[in-house]
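Me: I am new to this structure and would like a friendly tour. Could you show it to me, and then take my questions one at a time?

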Amino acid sequence: MADKPEELALDRVQVKKAVQALLAFLKTKSTPDSLLLDESQHLSLLFTLWKIPKQAQTIRIPLPHGIRTDTDEVCLFTRDEPNMTPDQTQRFYKKLLAERGVKNVTEVIPYKTLKTEYKPFEAKRRLLGNFDMFLSDDRVRRLLSSHIGKHFYERKKEPLSVNLRSKKLALDIQRTIQGTTISISKKGCCCMARVAHSGMAADEIAENIDSAVSTIVTKLRVKGPLIKIIHLKSQSSVALPIYTSNMNHLTLLEETKKQAHAAKDAKRTASKLKSAKKEQKSTEKNTGAEVEEEIPQLVPIVPPSKKAKLEKQTKKGLEKAPNPTGGKKAPNPTGGKKAPNPTGGKKAPNPTGGKKAPNPTGGKKAPNPTGGKKAPNPTGGKKAMKRKSKRTKKAA
């Protein structure tokens, strides 16, 4: 929240002129049917902020003159009383409201009834259209969002929490019903609040506008300059400006931005200095450790062992033997020429004259000495019986 809220002074004369002009415009647009039905249009304030808020916020605005008529219907959501059925809970809270003098609430719906009877989508839409405003027991308000649906929030009819255990219950409910709310989102710089209706007098509308603006300025959680422009409009008219801030706020915004950038730069430089100091300390520690490690230590002198001498001798013995030729090639006895061919480069003569040797059998097979028959078997075709000696039988 800002430390010092902006002092916003409205010009009462200018506000009253804008209200009178807007009421005159709405009278010209009214029809005989609307006059008979006593239909009135909502009058709202449109706020344009200098910058988009960082956090969403909902502000309740009490008004000196009520903006709802006696014909508006109000619904109250209550918690489920222990050891009671939904009908008994409904009768219990209706009796409580009558005892406390509350007359503006027309319907009481327990939480269990809302979960069971108003679960279908069509039932929720019917409930939204039947009532102009919704109140809720503060003990069950956090549980209603998943049961009423998104259309309550789109139509800006979300339930307002009320403390039913308050000693001044009638006064609290009356203020909540006759007051208004404004929802400030972090997605844009414009917001709207309903402050009157076309059936009210011009002085009453002007008083409501003054109280609404002062409440919003004090409760708005935005640092620096707050409101840029304020417009007054109805549901079917153009927006009439009733307040415009000075352009010196632009310089203030630039100054605040520069201060923010300077603070960020100072933080960055401080963090860099801290990191540099840490690095210096770490390097000093490392250099001190290196100096300590460089101190020489006394090592006893050990005479060389015999094995080392043997290894040196073996290494010397492994040296290559000297080359008897002195690194030169041996002389070639032929003088680098080929040996002479004794045949003079010709083929040797064939003793057969190039013909095949004669066959001593005359090309016929040699005769078979057995006459083509098999040799007789000396065993007569029977296998020889192996006889075991008596000694082997006895041994077995």
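Predicted model: local features only at pLDDT ≥ 70, side-chain atom pairs only at ≥ 80, totals over all residues.

Me: Which residues have the most contacts inside the largest nonpolar core?

Reply: Residues are numbered from 1 along each chain as its sequence is written, and side-chain values use heavy atoms, with hydrogens and water left out. A nonpolar core is a set of buried Ala, Val, Leu, Ile, Met, Phe, Trp, Tyr and Cys residues joined through side-chain atoms within 4.5 Å, where buried means under 20% relative accessible area, exposed over 50% and partly exposed in between, with a 1.4 Å probe and protein chains only. The largest such core has 39 residues, and those with the most contacts inside it are Leu45, Phe47, Ile182, Ile209, Val213, Ile227 and Ile230.

Me: Which element gives the most to this core?

Reply: Helices (H or I, at least four residues) and strands (E, at least two) are DSSP runs, numbered from the N terminus. At least two residues of the core come from each of α1, β1, β2 (57-61), β7 (180-184), β8, α9, β9 and β10. With eight residues, the element that gives the most is α9.

Me: Which residues does Leu45 contact, leaving aside its neighbours within four places in sequence?

Reply: Contact means heavy atoms within 4.5 Å. Leu45 is one of the residues with the most contacts inside the largest core. Leaving aside neighbours within four places in sequence, its contacts are Cys191, Met192, Ala193, Val195, Ile209, Ala212, Val213, Ile230, His231, Leu232 and Ile242.

Me: Why is one side of β8 and of β10 left without a neighbour in the sheet?

Reply: Two strands pair if DSSP finds at least two bridges between them. Here four strands form an open sheet with antiparallel pairing, in the order β8-β1-β9-β10. β8 (190-197) and β10 (240-244) are at its edges, so the reason is that each has a single partner strand.

Me: How many bridges join β1 to β8?

Reply: Let us look at β1 (42-49). Six of its eight residues are buried, so β1 is largely enclosed by the rest of the structure. On the β9 side, the two strands pair over seven bridges in the antiparallel sense, and Leu46 has His231 as its bridge partner. On the β8 side, Thr48 has Cys190 as its bridge partner, and the number of bridges joining these antiparallel strands is seven.

Me: At about what angle does α9 run to β1?

Reply: Axes are lines fitted to C-alpha atoms, for helices over the stretch in contact, and angles run from 0 to 180 degrees between N-to-C directions. Helix α1 (residues 12-29) lies across β1, β9 and β10, at about 30° to β9. Helix α9 (residues 202-219) lies across β1, β8, β9 and β10, and its angle to β1 is about 30°.

Me: Which strands are the edge strands of the parallel sheet?

Reply: This open sheet has four strands in the order β4-β3-β5-β6, with parallel pairing. Strand β3 (residues 74-78) joins β4 over five bridges, with Val74 opposite Val105. Pairing on one side only marks the edge strands, β4 (105-110) and β6 (160-162).

Me: Which helix lies across β3, β4, β5 and β6?

Reply: The helix in question spans residues 169-178. It runs at about 140° to β5 (133-137). Its name is α8.

Me: Is Tyr93 buried or exposed?

Reply: Rings of Phe, Tyr and Trp (its six-membered ring) pair if their centres lie within 6.5 Å; planes under 30 degrees apart count as stacked, over 60 as edge-to-face and the rest as tilted. Phe92 and Tyr93 make an edge-to-face pair, 5.1 Å centre to centre with 80° between the planes. Phe92 is partly exposed, at 37% relative accessibility. Tyr93, at 3% relative accessibility, is buried.

Me: Which residues do ring pairs link into a cluster?

Reply: The whole structure holds four aromatic pairs. One of them joins Phe131 and Phe134 edge-to-face, at 5.8 Å centre to centre and 65° between the planes, and both residues are buried. The cluster linked by ring pairs is Phe77, Phe131, Phe134 and Phe152.
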